Amino acid sequence: MWNVTHCQNVVFSEESRFVLGTDDNRVRLRRRPFERYNSPYTVLRHTASTAGIMVWGGIAYDSRSTLIVMRGTLTGQGYVDDILRPHVGLFLNGLPGAISQQNNARPHTARVAQDFLRHFKTLPWPARSPELSPVEYAWD
C-alpha cells in the first residue's frame, strides 16, 4: 500500500504552452448540444499561429527541476536528447528513491523515451487517464 513516504518520492513532470498574447486560439464556451451552430454561440477568430513558448518542468515533494524552454515540436527523440538525458536523468539521480511520473503524451510513450526511462523507477500511466494520483497504485 502507498503511504506518505512513497508519495514523497514521486517526481511529476509536465509540459505546458504559455501564450505571449491575449488570444491562445482556443474558444471556451458552454452550450447545449442542440445550440452548437446557433449564431449567438459562434465566435469568429483568427487561425494564425499565436506567439508563445513551450516549457517543461518537474516537481517533487521538496524540490523542483529547472524550467526548460522547448523549441519547435517535441518528438520522442527530441524529448530524450533535449529533456530526459540532460535534465531528467540528473534530477532523478539526485533524489534518493525517486519515482518518475509522466503522462501519455506521444513523446513520453515513444520507444526511444521508454528505453531511456528503463534505467529509472517509473509509475505507469493508464491510457485515457487524464488525472491520476499515485495513491491509487498498489506498491510492493
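I looked up the contacts of leucine 67, leaving out residues up to four places away in sequence. Leucine 67 touches Val55, Trp56 and Gly57; contact means heavy atoms within 4.5 Å. The model is predicted, so local features need pLDDT of at least 70 and side-chain atom pairs count only at pLDDT 80 or more, whereas totals for chains, interfaces and linings use all residues. Residues are numbered from 1 along each chain as its sequence is written, and side-chain values use heavy atoms, with hydrogens and water left out.

I then placed leucine 67 in the loop between β2 (52–59) and β3 (68–70). Strands are DSSP runs of E with at least two residues, and helices are runs of H or I with at least four, numbered from the N terminus. Is leucine 67 buried or exposed? I noted a relative accessible area of 58%, so leucine 67 is exposed (over 50%; buried is under 20%, partly exposed in between, with a 1.4 Å probe and protein chains only). I also checked glutamate 15, which is 52 residues apart from leucine 67 along the chain; their C-alpha atoms are separated by 9.7 Å.

Next I went through the strands. Two strands pair if DSSP finds at least two bridges between them. I found β1 (residues 10–19) paired with β2 in the antiparallel sense over eight bridges, with phenylalanine 12 opposite isoleucine 59 in β2. β2 and β3 also run antiparallel, joined by three bridges; here tryptophan 56 stands opposite isoleucine 68 in β3.

I read the strand order of the open sheet as β3-β2-β1-β4, four strands with mixed pairing. β3 and β4 (99–101) are at the edges and have a single partner strand each, so one side of each lacks a neighbour in the sheet. The twist averages 30° from one strand to the next (axes are lines fitted to C-alpha atoms, and angles run from 0 to 180 degrees between N-to-C directions).

Last, I looked for aromatic pairs, meaning Phe, Tyr or Trp rings (for Trp the six-membered ring) with centres within 6.5 Å. The structure holds one. Phenylalanine 116 and phenylalanine 120 form this pair, with 5.7 Å centre to centre and 40° between the planes, which is tilted (under 30 degrees is stacked, over 60 edge-to-face, the rest tilted). I noted both phenylalanine 116 and phenylalanine 120 as buried.
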